[in-house]
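Here is a short briefing to read beside the model. Please keep the viewer open and follow along, topic by topic.

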Amino acid sequence: MSSSNAAPEGPRSTDDAILDAAAHLIVQLGVRRTQLAEIARRAGVSRPTVYRRWPDVQAVIGALLTREILATLEGTALAVRDRETFVTRVVEVSVRLRDHPVLGALLHSDDSDLLLRYVVERLGTSQRGLLEALRTGIELGQADGSIRAGEPTELAAMVLLIAQSTVQSHRMVASLLPEAAWRRELARALNGYLAP
């Protein structure tokens, strides 16, 4: 269920089969009803095969989120020299994350503890990957003079927080911010924050 459009380079790995099965179940049944035994069955592997890789369903979901979030960066280089292009691409990645079926199922889950654990309370592998991509783009924009001075990692962390909170709160304000306005106002907030 990875969002990459590249042609497969051979048979799927066991890990991908397990994560694909988990993704399908999360979208179809919801996070709370996704069980390890059903993930294994749908992936065509035994439960011990899954347990050798991840200790429980939450760990499978964590690995799935990492894979899917990092895949949203594919094909959208954030390493550009001018602020406006950088911001346009950050908005593009934000839309992909917002509209991703697995991430959407997590965001709309009634399991608030899971949402807090994977999206709010910890800085996981996927968020570190996003931060690194943002930091690189910010450094290039600073060298170009289109992004203000400041510690690139700190600016990247704030860009991540602005975009992440906008994505998480999208449904709450959808009637007030139609799609075009949502994109425009996120871009305006990011441009205003990063402008020299």
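A salt bridge here is a side-chain nitrogen of Lys or Arg within 4 Å of a carboxyl oxygen of Asp or Glu. With that in hand, look at E132 and R135, whose side chains form such a bridge with N and O 2.4 Å apart. Please note that this is a predicted model, in which local features need pLDDT of at least 70 and side-chain atom pairs count only at pLDDT 80 or more, while totals for chains, interfaces and linings use all residues. Residues are numbered from 1 along each chain as its sequence is written, and side-chain values use heavy atoms, with hydrogens and water left out.

**Overall layout**

- The chain has eleven helices and zero strands; helices (H or I, at least four residues) and strands (E, at least two) are DSSP runs, numbered from the N terminus.
- Of the chain's 196 residues, 45% are buried, where buried means under 20% relative accessible area, exposed over 50%, and partly exposed in between (1.4 Å probe, protein chains only).
- Taking contacts (heavy atoms within 4.5 Å) between residues at least 6 apart in sequence, 67% join residues at least 24 apart.
- The chain's accessible surface is about 10200 Å², and carbon and sulfur atoms account for 53% of that surface; the areas come from the Shrake-Rupley method with a 1.4 Å probe, and for residues only the protein chains shown count as cover.

**Salt bridges**

- Side chains of opposite charge can pair when their charged atoms come close.
- Searching the whole structure turns up 14 salt bridges.
- R53 and D15 make one of them, with their closest N and O atoms 2.4 Å apart. This pair ties together distant parts of the chain, since R53 lies in helix 3 (residues 47–53) and D15 in helix 1 (residues 14–29), 38 residues apart.
- R53 is partly exposed at 34% relative accessibility, and D15 is also partly exposed, at 32%.
- Back in helix 8 (residues 125–144), E132 and R135 sit three residues apart, so about one helical turn separates them. E132 is partly exposed at 40%, whereas R135 is buried at 19%.
- In helix 11 (residues 179–194), E185 and R188 are likewise three residues apart, or about one helical turn, and their salt bridge has an N to O distance of 3.5 Å. E185 is partly exposed at 28%, while R188 is exposed at 53%.
- D16, D20, R67 and E68 are joined in a network of salt bridges.

**The nonpolar core**

- A nonpolar core is a set of buried Ala, Val, Leu, Ile, Met, Phe, Trp, Tyr and Cys residues joined through side-chain atoms within 4.5 Å.
- The largest one holds 55 residues, and W54, V60, F86, V90, L134, I138 and L190 touch the most other members. Several helices each supply at least two residues to this core, among them helix 1, helix 4 (57–71), helix 5 (83–99), helix 8 and helix 11.
- Setting aside neighbours within four places in sequence, W54 contacts D15, I18, L19, A59, V60 and A63.

- Buried positions in helix 5 include F86, V90 and L97, along with R83 and R98. The buried residues of this helix pack against helix 4, helix 6, helix 8, helix 9, helix 10 (170–173) and helix 11.
- Helix 8, with 20 residues, reaches 29 Å from first C-alpha to last, close to the expected 28 Å. Its buried residues include L130, L134, I138 and the glycines G137 and G141.
- Just after helix 8, G145 has a positive phi of about 90°.

**Two single residues**

- T49 is in helix 3 and is buried at 13% relative accessibility. Its side chain makes a polar contact with the side chain of R52 at 3.2 Å; such a contact is a pair of N or O atoms within 3.5 Å, where within protein one must be able to donate a hydrogen and the other to accept it, and residues adjacent in sequence count only if both atoms are side-chain atoms.
- A71 belongs to helix 4 and is buried at 4% relative accessibility. A71 and L97 lie 26 residues apart in sequence and 9.8 Å apart in space, C-alpha to C-alpha.

Notes: Expected span 1.5 Å × (residues − 1).
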